[in-house]
Amino acid sequence: MERNEKRSFDTASLEKQRLQLEKGKSRLIDSYADGIIEKADFEPRMQQLKSRLEQIEQQIQESRRHGATQSELFLVINARSSPTSGAVILPRSPGFPSWKTSGTCTSRLQPA
């Protein structure tokens with residue numbers, strides 16, 4: 001499996017975990033609202049769920065950042081290794097790609 005595919009799979013797996021935690025949070029709230037569990041049980045469990053959700057969100061963001069970096073690196077490597085390459089877009093910042101041709105590197109001022 002290629003790295004980009006693996007990273008995509010990791011992000012998808014984390015998204016699935018986040019969805020499961022959100023469902024668990026909803027069920028916990030319903031259980032408390034219906035009087036099935038007491039406040040003393042509800043509060044620590046809710047705090048654990050919130051903490052785990054924050055961790056998953058951080059992991060998702062990191063996975064996405066890593067995936068974007070890997071994509072940019074892939075484009076740069078392929079642009080340099082291809083002897084027939086012409087102009088290549090090197091994404092530097094969202095909406096403002098840099099255009100690289102032999103001996104030049106300029107940025108467009110308007111978003112693509």
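Buried, in these legends, means under 20% relative accessible area and exposed means over 50%, with partly exposed in between. The structure shown in every view is a predicted model.

**View 1. Ser13 on helix α1, and its separation from Ile60.** Ser13 is part of helix α1, and because its relative accessibility is 30%, which falls between the two cut-offs, this serine counts as partly exposed. Along the chain Ser13 and Ile60 are 47 residues apart, yet in the model a separation of 9.3 Å is found between their C-alpha atoms.

**View 2. Glu15, a buried acidic residue of helix α1.** Glu15 also lies in helix α1, and with a relative accessible area of 18%, under the 20% cut-off, Glu15 is classed as buried. The side chain of Glu15 is joined to that of Arg18 by a polar contact of 2.5 Å. When neighbours within four places in sequence are left aside, the residues in contact with Glu15 are Ile60 and Arg64.

**View 3. The largest nonpolar core.** This core has 10 residues, namely Leu14, Leu21, Leu28, Ile37, Phe42, Met46, Leu49, Leu53, Ile56 and Ile60. Helix α1, spanning 3–33, and helix α2, spanning 39–81, each supply at least two residues of the core, and α2 gives the most, with 6 residues. As general background, nonpolar side chains in soluble globular proteins tend to be buried together.

View 4. Met46 is one of the residues of the largest nonpolar core.

**View 5. The aromatic pair of Tyr32 and Phe42.** A search of the whole structure finds 1 aromatic pair. The ring centres of Tyr32 and Phe42 are 4.4 Å apart and the ring planes stand at 20°, so the pair is stacked, given that planes under 30 degrees apart count as stacked. Because Tyr32 belongs to helix α1 and Phe42 to helix α2, the pair ties together parts that are 10 residues apart in sequence. The two partners fall into separate accessibility classes, since Tyr32, at 32% relative accessibility, counts as partly exposed, whereas Phe42, with a relative accessible area of 14%, is buried.

Conventions: Residues are numbered from 1 along each chain as its sequence is written. This is a predicted model: local features need pLDDT of at least 70, side-chain atom pairs count only at pLDDT 80 or more; totals for chains, interfaces and linings use all residues. Side-chain values use heavy atoms; hydrogens and water are left out. A nonpolar core is a set of buried Ala, Val, Leu, Ile, Met, Phe, Trp, Tyr and Cys residues joined through side-chain atoms within 4.5 Å. Buried means under 20% relative accessible area, exposed over 50%, partly exposed in between (1.4 Å probe, protein chains only). Helices (H or I, at least four residues) and strands (E, at least two) are DSSP runs, numbered from the N terminus. Rings of Phe, Tyr and Trp (its six-membered ring) pair if their centres lie within 6.5 Å; planes under 30 degrees apart count as stacked, over 60 as edge-to-face and the rest as tilted. A polar contact is a pair of N or O atoms within 3.5 Å; within protein, one must be able to donate a hydrogen and the other to accept it, and residues adjacent in sequence count only if both atoms are side-chain atoms. Contact means heavy atoms within 4.5 Å.
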